[in-house]
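Hi,

Here is the structure I promised to pass on. Have a look at it first, and then read my notes below.

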Amino acid sequence: MADLWQVTLVSPPYETWTYGLPSHFPPLSPGQRVIIPFGKSHRAGVVVGPAERAPEGVEIKNMIWPLELSPLLDKDFVDMALNLASRQMVHVGRILEIALPRGLRTAAVTFKVDRHMTERNLPASLRPPDIVRAGEKDRAALLELWLDGRMRVRINAKKEAEERYVSLESDPPWAVRPNAKRQLRLLEHLMENGPQSLYSLRHTLGDWAPEAAAKLEGAGVVRLGELTADHLAEIDGAGRDGADDPGCEFSLTDEQRTALNEMTETLESGGGAHLVHGVTGSGKTVLYMEMARRLLEQGRSVLFLAPEVALACQLYRTVARRFPHFRTIFYHGYQSPKKREASFRELAGGQDPVLVVGTRSAVFLPLPDLGMVVMDEEHDESFKQEDRLAYHAKEVAWFRTGRSKGLLLLGSATPDVKTFQAASAGRIRVSTLKERVGDARLPDVELVNIAELGKSRQLLSNRVREAITETVKAGEQVIVMLNRRGYAPLMYCLDCGETVRCPDCEVGMTYHKGRERLVCHYCGRTYSYPLTCRKCGGVNFIPMGEGTEQLEEALTELLPEEAKVLRLDRDATRRQERLEEILGAFGRGEAQVLVGTQMISKGHHFPGVTLVVVADGDLGLNLPDYRSSERTFQLLVQVAGRAGRGEQPGRVLIQTRNPDHPIWKEILGGDYQGFFDREVSRRTLFRYPPFSHMALVRISFPADFEGGGAAVTLMGQLLREQGRALGIDVLGPAPAPLSMLRGRKRFNCLLKSDDWGKVRGLYAAMVRANPDPRAVRTGLDLDPLSTL
């Protein structure tokens, strides 16, 4: 055994172990992937550094074989993973699992051997166990082939087949027999969760899922293979904010020229974060492109991050046209692992500048000489991952641009309050764009009081209905937003007065008329409709409340027969092609009205829209979350910005039952500074971020676990007692606003402190006090975006 190395697992339990370097191994470096023995299995791991000594009383095992000739990950990448692991209090292997495509963290590989130039009778294909059983002479011969490039790694064919994605080929109702329950369950799962790999379906639904998917593919209901977003990124669609034709020449306004000079100064002074605070339609995208051009010509790479795949597609079209002579890569989570693996490998081994466009996960790509990361709509919550492992792309981008002395460009019309506070305090620089480009001007915004509307059981007031009708008759377009999908959020039993609730989550199930299903939007459970009441056995139900599906129906009845209404929400766009079809058709003027959820508020440029209606402006305003006002302001200002982007002036009508709320004055005037001043005064009073470090501790246990309540009490007592000693404010534990999800009871505890180290230490003490870690799960979310 020549020397010892620390290798971290990129699969559970993610821990770092000490392994020996066998004599047949080539030289190692940190960041290199290897196959290691672990228990009775073989796992993939990443070398993080040399080990000083072997742990006492432990027999050191040797590594089996490297997975590449030279390190896939450089020192900066490993340091980033170590930094994020330290912040999130998880093993570095957990971070690497999130950062690496699945094909780069599996040990289910086969080594293909080229035997033409060797005299030894070696097999043409070997698996890791074959290498373990091989003799010293055979391993030495394999090493010679490996170093000579005549022994290559391939993912096992069976494993590779499972990486194919299953996506919907048609919208409901589907041509499936009513008694084909497994097929219907799979289709409903895809409808709620989007495209899924065969691997994911098998592990989530059961071993029967791949066979059911194959039958549905044969019937033309689903499609197996690569997703189509990459192809859609190459075709025309809806316009992008600030750049109608990205390929044409343009001249900067005085505001834009000043902002560009300020951004350049930030970069030349050593880099760092820079906020571009510009009203909707002010041409922020043009600034991104011009700054990217300068960096690419200097030989530095650029990364554009968009909050969702649809916007990333549009942004990729823009940069591909703008920079035809530079290498561009599109990267997002819906691509197959094979596609993402190829992109990751290409970037890891490259030296030339490259421009990458992607969603949140693209922040982990190993770009050479990273000169700039652009986070468009930086306030958007999609940049924060809260399931599996909580992390924010902004934090990772901050670390990476800090290492490369690059520019972290944050753009938004409604910045995150924490970002704007940092700019106000002088910690980051800010450039302001107050005017729209060209002849467009900001729309007029009005409130419509619908306090008495409930008596008429209609969602839209007469004034709003008349405005929509007049706009359509004038040949102009309308956007109507209701941030609640489905037909009705509740189904009410007329016989016993109960609403239909999910048995696993205790929340109301939403009625989807087009699918003839009741759906829980938290766990995905569905019931066919009509159904019988679980409490009284009755069959008389009435839908309560309204969703986008019902609003689409009402507008279709309201408008002339020749007027066309489209709907844009998660249910209407489960097929990626359908999303592009809707945006394209509305952008070309083939429909007069677009109804949708918050999806329609982000970055879309429709010059024909002169009226925007917010059907229920109060939604989300009074949620039990300290950021509810901020979210409401951002959403409504963003959707208002879709109006009046062409030659015709625009107007916005916002329906509310509470017209006296102070937020309306700021929304009506598009007054971000006024909103910010009022919001920070409230947060200062209650010590909410950015005036404290806040962490959310989540505790959950199965609903039928008898010891759960006692465990929560024990851990809560420890948090309060040790929190007082550390000067940490501890609120809770208390039942979470969503007190049960997926059959687990949930409790939240808020920690407020001036020291992240103390917060991590307190959480670690609580984890050690957990009396039953298998049943009682705990999680730490630093700077939570949601406390629900």
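Predicted model: local features only at pLDDT ≥ 70, side-chain atom pairs only at ≥ 80, totals over all residues.

Residues are numbered from 1 along each chain as its sequence is written, and side-chain values use heavy atoms, with hydrogens and water left out.

Back to β4 (residues 41-50): β1 (residues 4-9) runs antiparallel to it, joined by five bridges. Strands here are DSSP E runs of at least two residues, helices are H or I runs of at least four, and both are numbered from the N terminus. Two strands pair if DSSP finds at least two bridges between them. β4 also pairs with β3 (residues 33-38), again in the antiparallel sense, over six bridges. There, V34 sits opposite G45. The β3-β4 hairpin has two residues between its strands, and G39 takes a positive phi near 65°.

Further along there is an open sheet of seven strands, paired in parallel, in the order β15-β16-β14-β17-β20-β13-β21. Its edge strands, β15 (327-331) and β21 (429-433), each pair on one side only. From one strand to the next, the twist averages 15° (axes are lines fitted to C-alpha atoms, for helices over the stretch in contact, and angles run from 0 to 180 degrees between N-to-C directions). Helix α10 (residues 254-268) packs on this sheet and touches β13, β17 (370-376), β20 (407-412) and β21. Its direction makes about 170° with that of β21.

Now the interior. A nonpolar core is a set of buried Ala, Val, Leu, Ile, Met, Phe, Trp, Tyr and Cys residues joined through side-chain atoms within 4.5 Å; buried means under 20% relative accessible area, exposed over 50%, partly exposed in between (1.4 Å probe, protein chains only). The largest core has 104 residues, and L73 is one of those touching the most other members. Leaving aside neighbours within four places in sequence, L73 is in contact (heavy atoms within 4.5 Å) with P30, G31, V46, V78, L96, L100 and F344. A second, separate core of 33 residues includes V286 and C313.

Cheers
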